[in-house]
Amino acid sequence: MDVVMGALPRGLALVERVVRGELDPRGGPGVVRLAEEGGLDKGQTSRLLRDLVDSGVLARGGHEFRAGAELLTVAGEGGPWGVRSRALLRELVVRFGACAYVDVLCGAMVLSVRAELAAWAEFSWARAGRLTPVWCTGAGRALLFGHSREEVAELLGGEDFIGAGGPYAPRSVDDLLARVTADAARGVAVCESEYDEDVLEVAAPVRDPRGVIVAAVSVVVPHAAVRDDRDELVAAIGGAAAQLAPLLG
């Protein structure tokens, strides 16, 4: 499981770079370029690409890679969800200068399955495929709305809350649950300097037609202390989640 979870974000990041690279006037990306862009060694990149090609997610033509049949099928099935989610995320990027995400639970971590980035965030951690702790992120909190103490404790599996998170991150299950409860009462999670110092994260859950939380919409903005548009940002995130939810039906 550790090996799979380690390879997953790198594989997703490779897929994203291949898809973006198809529009590059230099032609589709090859192993060397993908390794350099992803900060990976050539051998590791080659192995990941081989697995992605074998599964049909990517296709190879000579030295270049492109989207494969399976990826195109999934994209087509995404229909209005895929199109609308990207449009909503881009609106948040432009309006607030934020990095915007659609996130899902992945064990005790949050996996960003879609990302639209602001100009300040050209970092590998900011891209789709990133994994962040559920207990000190806005998306993590939004995904925990409605969870009981027992469920959260089991999910975290004895997490000691040390070694990750910013200066105001929760330091116990009870601390985390108190913050989740407060966030759930307003319907939107607001985290300041919890995952990283001087960073504001705002997130809202996306529910399926049965009311089950299946994802979260989140944004990350720097320089939290000087933001004067927090109320506007909170309202926009709640609105984005509400617009995405009907598309799951």
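**Nonpolar cores, sheet and cysteines of the predicted model**

Of the 31 residues in the largest nonpolar core of this predicted model, Leu 92, Val 202, Val 217, Val 219 and Leu 233 touch the most other members. A nonpolar core is a set of buried Ala, Val, Leu, Ile, Met, Phe, Trp, Tyr and Cys residues joined through side-chain atoms within 4.5 Å; buried denotes under 20% relative accessible area, exposed over 50%, and partly exposed the range in between (1.4 Å probe, protein chains only). Two or more residues each are given to this core by helix H4 (69-96), strand E3 (99-106), E7, E8 and H8, and H8 provides the largest share, six residues. Helices (H or I, at least four residues) and strands (E, at least two) are DSSP runs numbered from the N terminus. Another core, of 21 residues, lies apart from it and includes Ala 142, Phe 145, Val 152 and Ala 169. When neighbours within four places in sequence are set aside, the contacts of Val 217 (heavy atoms within 4.5 Å) include Leu 89, Leu 92, Tyr 101, Val 202 and Ile 237.

Residues are numbered from 1 along each chain as its sequence is written. In this predicted model, local features need pLDDT of at least 70 and side-chain atom pairs count only at pLDDT 80 or more, whereas totals for chains, interfaces and linings use all residues; side-chain values use heavy atoms, with hydrogens and water left out.

An open sheet is formed by six strands in the order E5-E4-E3-E8-E7-E6, with antiparallel pairing; two strands pair if DSSP finds at least two bridges between them. Strands E5 (131-133) and E6 (189-192) stand at the edges with a single partner strand each, so one side of each lacks a neighbour in the sheet. From one strand to the next, the twist averages 30 degrees. Strands E7 (residues 199-207) and E8 (residues 213-222) run antiparallel and are joined by nine bridges, with Pro 205 opposite Ala 216 in E8.

The mean pLDDT of the protein (the predictor's confidence in each residue, from 0 to 100) is 81, and 83% of its residues reach 70 or more. Confidence is lowest in helix H1 (residues 2-21), at a mean of 63, and highest in helix H5 (residues 138-143), at 95.

Zero disulfides (pairs of cysteine sulfur atoms within 2.5 Å) are found in the whole structure. The sulfur of Cys 136 lies 8.4 Å from the closest cysteine sulfur, in Cys 191, too far for a bond. Cys 136 is buried at 0% relative accessibility, and Cys 191 is buried at 1%.

Conventions
Axes fitted to C-alpha atoms, helices over the stretch in contact; angles between N-to-C directions.
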